[in-house]
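The structure comes first, and the description follows.

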Amino acid sequence: MNIVPSIMATKKSAAKNLRSTVTKVYLLTTEALKDSKITHSESIPEWIIERIGDEKEVSILGSEGPIIFKVIDTQSQEDQHYNLIADSNYSIAREALGSLVGSIKKERSKKVEINFFGLDEEMVTGAIVGLELALYRYNEELSHGSITFLDDGKKVKKSIADKALAIAQSINTARHLVNLPANLLNPVTYTNAVKKHFAKSSTMKVVVYDEKKLEKEKCGLILSVGQAAANPPRIVHLKYRPTGAKGKPTAIVGKGITFDSGGLNVKSGAGMGVMKKDMGGSATVMGFATWLENSGVKKKVDIYLALAENAINEHASRPGDIYTSRNGLKVEIGNTDAEGRLALADAMDIAITQKEKPEVLIDFATLTGAAKVSMGDFVTSMFANDDELADKLLRASQANGDLSWRMPLYRPYYKGFKSNFADMNNMSKVKGGSIGAALFLEKFIGDTKWAHFDIFGWTSGFRPSLVQQGGSGQGVETLIGYFKN
Ligand code: BES
Ligand code: ZN
Ligand code: ZN
């Protein structure tokens, strides 16, 4: 099982039966088009330049092969929502080049030359990320020519291209993990793949909590979630300790339910259909870890994957069962389908009770159907108990084209979790499902600064760069943006 898809644009062409043509792509800003400096390697008639200006996207046949022009409009920043929901120039460039990949692949040229005009470094990065995202397929070998990037006629600096490819690779890793079906990816195979992935790493150490260690650590909640599955739960701790890192670590936790059947409160057929994606939070943090490993970021980071399968057999947990969490709280099961918060609770408690206590904890989870209802596929519901942290994360999410919107931790709703037999129920009687789930998690973070992202993690064709439908890598760019500055 390969958990990292093969890098595409960086690889020398392994594709066969390509035509000996050169496909040239011109990605330009409106300003660059006006300057008409774009004729350096082709002489393009004036009337075509005019057509490009009018139609924004034009294809012609040049002397060496097809030429595709695309103009990008960088003026679409909306002065609303504190500018937190506007498309950034990075994301505009990402989607612009991503949208051309179908046409580029169709030409099947041996060489592909991508020319940028008028793009700044952020936009060049975005464009290369978009190309790489659009090239990813779950099930396909390399099938395009070698790709070169030129900026204003000069080769794009290797350091810039490499940085962009590292970002794209980490998003694609998250997408690929989500796309892997639950018969291949279960808590045990997932753990082994992660161990193998970082086996030779000098910055990332992998510590595994198997079922025995989870028992010893009194992780009663995550164990209850996985007790009906053939493959027992795991918590995987990735310790990022680059040389020279100082200060308190940041902890990042991901929900990794490799399949969510709902348990005895079984999901409907439609509801269960894509529940292989219920490890999407863990995929996000694993994608991020892939980037972090070689990022040069000089901070301590502790990443936790809370892995379990919510299955059904005679050992399955039942409504009315009471389980004790690692932090001692007794939780009555109101609904076995509210399993994500249980798995996260024990992982979060491990995170905040480490010898090196984290200053900040950020979690990612496909936690509630309610978050999808209110925000749709591409805006994440974000909750935080600290305004400064919330602000920083929202800005990173906007700048990196991975949008989030802050939701309220409205504490009076917590009373919906009242249980007559335990400290709390796992299901709230109060409406506002994603708020309730966040309030449940809040009982497990102590006094740590905390942000929680209730992600959807899946795309059905809404974003041009995500040609392969399925896992979307939601959250990865936000984390990268948060750490790189
Ligand atoms: N994994 C689901 C939430 C989910 C559903 C995310 C669909 C994305 C798409 C989660 O474990 C769940 O089933 N939550 C329940 C909780 C309820 C039983 C309190 C939900 O949201 O309905
Ligand atoms: Zn569930
Ligand atoms: Zn779930």
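Buried means under 20% relative accessible area, exposed means over 50%, and partly exposed lies in between (1.4 Å probe, protein chains only). The model is predicted, so local features need pLDDT of at least 70 and side-chain atom pairs count only at pLDDT 80 or more, while totals for chains, interfaces and linings use all residues. Residues are numbered from 1 along each chain as its sequence is written, chains are lettered from A and ligands numbered from 1 in the order in which they are written, and side-chain values use heavy atoms, with hydrogens and water left out.

**The metal site**

Donors are N, O and S atoms within 2.8 Å of the metal (3.2 Å for Na, K and Ca); water is not among the atoms, so sites may look incomplete. Asp260 also coordinates the zinc ion (ligand 3), which is 3.2 Å from the zinc ion (ligand 2). Asp260 lies in strand E9 and Asp337 in the loop between strand E12 (330-332) and H12, so the pair ties together parts that are 77 residues apart in sequence.

| Residue | Relative accessibility | Class |
|---|---|---|
| Asp260 | 2% | buried |
| Asp337 | 23% | partly exposed |

Helices (H or I, at least four residues) and strands (E, at least two) are DSSP runs, numbered from the N terminus. Strand E14 (residues 380-384) is mostly covered, with five of its five residues buried. In a regular strand the side chains alternate between the two faces of the sheet. Thr380, Met382 and Ala384 point one way from E14, and Ser381 and Phe383 the other way.

Two strands pair if DSSP finds at least two bridges between them. E14 pairs with strand E15 (residues 404-406) in the parallel sense over three bridges, and Met382 stands opposite Arg406 in E15. On E17 (residues 449-454), which runs antiparallel to E14, there are four bridges to E14. The partner of Ala384 in E17 is Ala451, and that of Met382 is Phe453.

**The sheet**

The open sheet has eight strands in the order E7-E8-E10-E9-E13-E17-E14-E15, with mixed pairing. Its edge strands are E7 (204-209) and E15, each pairing on one side only.
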